[in-house]
Amino acid sequence: MILIIDDDAIVRSSLSLLLKRAGYETEALTSPEAALEFIRHTPPDLMLMDMNFSLTTKGEEGLELLQKVQVFCPRVPVILITAWGSISLAVRGMKAGAFDFITKPWDNRHLLKSIETALELKTRKMTSGSPQTRRELDSQYDFSSIIGQSKALVDVLSTVARIADTNASVLITGESGTGKELIAEAIHKNSSRKKQRFVKVNLGGVSQSLFESEMFGHRKGAFTDAHADRTGRFELADKGTIFLDEIGELDTTCQVKLLRVLQDQTFEVLGDSNPRKVDVRVVSATNADLQQMVRDKTFREDLFYRINLIQIHLPALRERKEDIPLLAQFFADRQSTQNRLPSVSFTPEAFELLQILPFPGNIRELKNLVERTILVSGKSRIQADDLQNQTSMREISPAAHGTIQGMTLDNLEAQTIRNAIEQHNGNLSKAARTLGISRTALYRRIEKYGL
């Protein structure tokens, strides 16, 4: 049963009719007092709650009600109802534990999808017996493109398994090179949208002037260089999933435009005034600290909460060292197949060396190192010396393992970066390429370690 709490009779009537047609049982109440009395004896499955009641227009009464219902019904999801101009109020509600918010006038399809997602996630949280090992996960889900069986990775895949077949927006965080795109693809492949498109957008490479054309499309003649109609990424992803990579690179002007689309999944093509609706699952990724960017006023707080319904943090490669031999062998096998080379194996000492390197570029850097070593050495049996010749930490040898293991991860990472920069005579682009990270990520680490 869905509990509707709103002092506007028209809103209560409209929501009740919509939900009953969708097959839900409803109860509509007019005040916070009536709601609290009701949930004391009948906990609902979900609550739709207005933020402003007749006594106030500042939303404090709505926030107070939210806090109280969470005491009586801590597992019941709450979706807030507010006006577009009061989104800051809804953000406060999200911080206080609300599941989602919708703005008036709401889009029926978007509201029903949010309700469906909230109820699905609630059910999945309450059910036990989710897969706990990589073998169990692989027997039920398609994670074939993801290599590893460490606890840190299995925890991530277990979360993906629980939320993949919902419509919840997902934010994937983690350092550069940790495999965020692969996780986004895994979410799509294990969802009911898997037969539809998975559309990838690197927001770091989309300029402000082209953002609307790229994301929403344009009609011929909409601007000077619009020589033909163009279909935007959101329209391409209709019924499927759109992956917004490097969302932390988006400037504030484009953030506002993106928020509008994510709010009700409606957009306008440039040069066409007719609104278009899409049904899109949104998965975002970043290696930036969005919460710090929110505090610094460089990333909109309302957009952060809109994309961050579920957050999945990917561990750095140094936090899942037991997966390094599996990944190295996978990259070696693929390199051999692609280049028609003999199969390649590693000595135990080679694997040991790989497991003590800090890999600031994570999986991407490991892949580069393995492939470069195979091509340069020409050997079918890779030894530690072969790897050492291709890494920027050339002073590392098996005899020095004890010293290395006594260093902190930060010291190892700083030393690796310092050696890469020296190796390329201060050329940061080449150093970043050697490390398998972006120039931006390299700049952040240089600043972090004062290099």
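**View 1. Helix H5 and the lining of the largest cavity.** In this predicted model, H5 contributes four residues to the lining of the largest cavity, the most of any element. Two or more lining residues also come from strand E13 (281-286) and from helix H13 (301-307). H5 itself spans residues 108-126.

**View 2. The centre of the largest cavity.** Which residues lie nearest the centre of the largest cavity? They are Asp100, His110, Asn167, Ser169 and Arg306. In total, 17 residues line this cavity. Seven of the lining residues are nonpolar, six are polar and four are charged.

**View 3. Space inside the structure.** How many cavities of 30 Å³ or more does the structure hold? There are two. The largest cavity contains about 250 Å³ of space.

**View 4. Helix H7 packed with helix H8.** Two numbers describe a pair of packed helices: the angle between their axes and the distance between those axes. H7 covers residues 151-163, and H8 covers residues 180-189. Their packing angle is about 35°. Their axes are 9 Å apart. The crossing of H7 past H8 is right-handed.

**View 5. Side by side: the residues where H7 meets H8.** Which residues of H7 take part in the contact with H8? They are Val156, Leu157, Val160 and Ile163. On the H8 side, they meet Ile183, Ala186 and Ile187. The residues of this contact comprise seven nonpolar, no polar and no charged.

Methods: Residues are numbered from 1 along each chain as its sequence is written. This is a predicted model: local features need pLDDT of at least 70, side-chain atom pairs count only at pLDDT 80 or more; totals for chains, interfaces and linings use all residues. Side-chain values use heavy atoms; hydrogens and water are left out. Axes are lines fitted to C-alpha atoms, for helices over the stretch in contact, and angles run from 0 to 180 degrees between N-to-C directions. A crossing is left-handed if the near helix is turned anticlockwise from the far one by less than a right angle, and right-handed if clockwise. Contact means heavy atoms within 4.5 Å. Ala, Val, Leu, Ile, Met, Phe, Trp, Tyr, Cys and Pro count as nonpolar, Asp, Glu, Lys and Arg as charged, and the others, Gly among them, as polar. On a 1 Å grid over the protein atoms alone, a cavity is a set of points where a 1.4 Å probe fits but cannot get out, and a pocket is an open set with protein on both sides within 12 Å along at least five of seven lines; lining residues have an atom within 4 Å of a point. Grid points are joined across faces, edges and corners, and a volume is the space filled by probe spheres set on the points.
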